[in-house]
Amino acid sequence: MKRPLILISNDDGYKAKGINFLIEVLAPIADILVMAPTNGRSGMGCAITSKDPVYYSLVEEEQGITIFKCTGTPVDCIKLALHEFPERTPDIIIGGVNHGDNSGVNVHYSGTMGIVIEGCMKGIPSIGFSLDNHSPEADFEPLRPYILQVVNQVLEHSLPIGTCLNVNFPATPIYEGIKICRMAQGEWTQEWERHSHPRGGDYYWLVGSFCMRDEHPEDADRTNMTDGYVAITPIQIDMTDYRMIEEMKAEWSWES
């Protein structure tokens, strides 16, 4: 029987330690196709390239592993891979492993989760893996058994159309286990740091801190990460507020 095919990309670039760790972990159980950005594309979300040409080239090819680099965004990488290699649909699309967490509202900014959302919109089971450590030399080894467990579960059970998984790991050497969570509710505050340019004027660095709206919600991803758990959050691409639909129909006044 054919082994599963897993399409992998990231937003840290094809040379990043996280994506190469992911390739190493999954190569024994699946054929791997990688289409990843030439360099870092963090914070790109679901951005696509529409005004410039996009190029890709082969980096490496061996038995069961093919790696390409691409000049586009993370989402461009997924679109291009599916376009260029239509003869075999991936069984899973994976973003990561990201250097930095994507819990809470970070889902909306993340290039890693942009990959996952794009795969989900294409009807392919998709997973994002992120480690709460921005260091280029972060230790990914503790993630190994959990990545295999999550991927094998998705291969066995699949995912509903329109649903993908956001998996976040705290930066600890040992995990307490896995918790199935919701997104933490909160917002980024004090997001800009101003500095004076030596040649005149000011410039700004994006910084900020995340503030939870609840004190310590036990079912939220960031809370469980703080407590040492691997947080898995099912994400839906349908952003419709169905409760608000009913409220607007029942309680709001509309003229014909």
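So, the side chain of N168 reaches the backbone nitrogen of S103 at 3.4 Å. I'm calling that a polar contact, meaning a pair of N or O atoms within 3.5 Å; within protein, one must be able to donate a hydrogen and the other to accept it, and residues adjacent in sequence count only if both atoms are side-chain atoms. There's another one here: the side chains of N168 and N166 are joined by a polar contact of 3.2 Å.

Before I go on, the ground rules. This is a predicted model, where local features need pLDDT of at least 70, side-chain atom pairs count only at pLDDT 80 or more, and totals for chains, interfaces and linings use all residues. Residues are numbered from 1 along each chain as its sequence is written, and side-chain values use heavy atoms, with hydrogens and water left out.

Back to N168, which sits in strand β7, residues 163-169. Strands here are DSSP runs of E, at least two residues, and helices are runs of H or I, at least four residues, numbered from the N terminus. Is N168 buried or exposed? N168 counts as buried, because its relative accessibility is 0%. The cut-offs: buried is under 20% relative accessible area, exposed is over 50%, and partly exposed is in between, with a 1.4 Å probe and protein chains only. The areas themselves come from the Shrake-Rupley method with a 1.4 Å probe, and for residues only the protein chains shown count as cover.

What does N168 touch, leaving out residues up to four places away in sequence? The answer is D101, N102, S103, S130, M225, Y229, V230 and A231. Contact, by the way, means heavy atoms within 4.5 Å. Y204, on the other hand, is 36 residues from N168 in sequence and 29 Å away in space, C-alpha to C-alpha.

Keep N102 in mind, and come over to S110. S110 is in the loop between β5 (92-99) and α3 (111-121). S110 is buried, with a relative accessible area of 4%. The side chain of S110 makes a polar contact with the side chain of N102, at 3.2 Å. A polar atom of the S110 side chain also lies 2.9 Å from the backbone nitrogen of M113. Not counting residues up to four places away in sequence, S110 touches D11, G45 and N102.

While we're at β5: V97 lies in that strand, and a cis peptide bond joins G96 and V97, with omega about -10 degrees.

Okay, the helices. α1, residues 17-26, is mostly covered, with seven of its 10 residues buried. Those are G18, I19, F21, L22, I23, V25 and L26. Their cover includes β1 (5-9), β2 (31-37), β4 (65-70), β5, β6 (126-131) and α4 (144-157). α2, residues 74-84, is mostly covered too, with eight of its 11 residues buried. Among them are C77, I78 and L80, and the cover includes β1, β2, β3 (56-62), β4, β5 and α3.

And α6, residues 242-251? Of its 10 residues, the number buried is zero, so α6 lies largely in the open. At the start of α6, a side-chain oxygen of D241 reaches to within 3.2 Å of the backbone nitrogen of R243.

Two more spots to look at. S158 is in the loop between α4 and β7, and its phi is near 60 degrees, a positive value in a residue other than glycine. S158 counts as partly exposed, at 36% relative accessibility. Then there's P4, in the segment before β1, also partly exposed, with a relative accessible area of 21%. P4 is 26 residues from A30 in sequence, yet the two are 4.9 Å apart in space, C-alpha to C-alpha. Setting aside neighbours within four places in sequence, the contacts of P4 include I29, A30, R88 and L155.

Last, the whole chain. How many helices and strands does the protein chain have? Six helices and 13 strands. The radius of gyration is 19 Å, close to the 18 Å that the globule rule gives for 256 residues, so the chain is as compact as a globular protein of that length. That radius is taken over C-alpha atoms, and the rule is 2.2 Å times the number of residues to the power 0.38. Of the 256 residues, 46% count as buried. And among contacts between residues at least 6 apart in sequence, 75% join residues at least 24 apart.
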